[in-house]
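Colleague: I would like to learn how to read a charged pair and a helix contact in a model. Could you take me through them?

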Amino acid sequence: MKRGILTEKIVNIASTHQTSVMQLVNEIEKFLGLTSDYILVNKGTSYDLDISAIKPVLSDLNIEFGEAYIQRALNKYFSHLLTSSQIN
């Protein structure tokens with residue numbers, strides 16, 4: 001952004017690794033060691049985001065979204081909950 005390559009444009013900022021809602025729920029369950037109680041409702045659709053504009057920036061900054069990204073993010077932002085009495 002400092003170089004001005006992404007100014008005055010709409011830029012999608014998203015992971016380079018697509019994750020379904022079910023994958024996300026499964027990762028959260030694994031992280032918390034819990035099983036969710038939910039009902040699947042077939043609503044909506046998936047779509048692809050054009051993230052080509054940020055790929056060079058991600059590369060320059062060595063930012064990588066991969067298979068382990070969700071677990072890394074959960075550990076970083078929510079690991080304090082694992083020792084809390086908030087989870088029962």
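Modeller: Let us start with two residues, K30 and E27, which both lie in helix 1, three residues apart, or about one turn of the helix; helices here are DSSP runs of H or I with at least four residues, numbered from the N terminus. This is a predicted model, in which local features need pLDDT of at least 70 and side-chain atom pairs count only at pLDDT 80 or more, while totals for chains, interfaces and linings use all residues. Residues are numbered from 1 along each chain as its sequence is written, and side-chain values use heavy atoms, with hydrogens and water left out.

Colleague: What does K30 form with E27?

Modeller: Side chains of opposite charge can pair when their charged atoms come close. Here K30 forms a salt bridge with E27, with the closest N and O atoms 3.4 Å apart; the term requires a side-chain nitrogen of Lys or Arg within 4 Å of a carboxyl oxygen of Asp or Glu. A search of the whole structure finds one salt bridge.

Colleague: Is E27 buried or exposed?

Modeller: E27 is buried, at a relative accessible area of 16%, whereas K30 is exposed, at 57%; buried means under 20%, exposed over 50% and partly exposed in between, with a 1.4 Å probe and protein chains only.

Colleague: Which residues of helix 1 meet helix 3?

Modeller: In helix 1, L24, E27, I28, K30 and F31 meet I70, Q71, L74, N75 and F78 of helix 3, where contact means heavy atoms within 4.5 Å.
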